[in-house]
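Let's take a walk through a protein fold together. Have a look at the picture first, and then we'll go from the whole chain down to a few single residues.

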Amino acid sequence: MSRGPGRWQRAILDNLAGADSLVLVHRARSHSERVAILRAAHALEQRGMIQLASEVVWGRPHLVAWAVGATPPESVLVVGRDGKTYRRPSSLPA
């Protein structure tokens, strides 16, 4: 049983507290850290604590966390190769 938000979940919530949005993953992180951050973000979204959207940042699509109640960019739902449903900005090619 979980005892509350984990390390990466707390970091996401703390950094998002001072801003409307937060780019979650940067290339400077190791692969395992990027995976842990994305897993934490998706868990927070499932609990309704943040909103996630894919947005073009620095010329590439990145996963961006938005504060609950903030307006994320317009996006469409797409089904990935793994069968999961993802969001991407409607301005990106399919």
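Of the 94 residues in the protein chain, 26% count as buried, where buried means under 20% relative accessible area, exposed means over 50%, and partly exposed is in between (1.4 Å probe, protein chains only). Keep in mind that this is a predicted model, in which local features need pLDDT of at least 70, side-chain atom pairs count only at pLDDT 80 or more, and totals for chains, interfaces and linings use all residues. Residues are numbered from 1 along each chain as its sequence is written, and side-chain values use heavy atoms, with hydrogens and water left out.

Now for the overall layout. The protein chain has 2 helices and 5 strands; these are DSSP runs numbered from the N terminus, with helices being H or I runs of at least four residues and strands being E runs of at least two. Starting at the N terminus, the order reads α-β-α-β-β-β-β.

Let's stop at helix α1. Its buried residues are Trp8, Gln9, Ile12 and Leu16. Viewed down the axis of α1, they fall within an arc of 105 degrees, so they line one face of the helix; the arc is that of the directions from the helix axis to the C-beta atoms. Over on the other side of α1, Arg7, Asp14 and Ala17 are exposed.

One of those residues deserves a visit. Gln9 sits in helix α1, which covers residues 7-17. Why does Gln9 count as buried? Because its relative accessibility is 8%. Leaving out residues up to four places away in sequence, Gln9 touches Gly4, Ala40, Ala43, Leu44 and Arg47, a contact being heavy atoms within 4.5 Å.

Next comes the inside. The largest nonpolar core has 14 residues, and those with the most contacts inside it include Ile12, Leu24 and Ile37. A nonpolar core is a set of buried Ala, Val, Leu, Ile, Met, Phe, Trp, Tyr and Cys residues joined through side-chain atoms within 4.5 Å. At least two residues of this core come from each of α1, α2 (31-46) and β2 (50-57). The largest share, 5 residues, is supplied by α2.

Finally, find Ala70, in the loop between β3 (60-67) and β4 (75-79). Beyond its neighbours within four places in sequence, Ala70 is in contact with Asp20 and Gln51. Ala70 and Gln51 are 19 residues apart in sequence, and 8.5 Å separates them in space, C-alpha to C-alpha.
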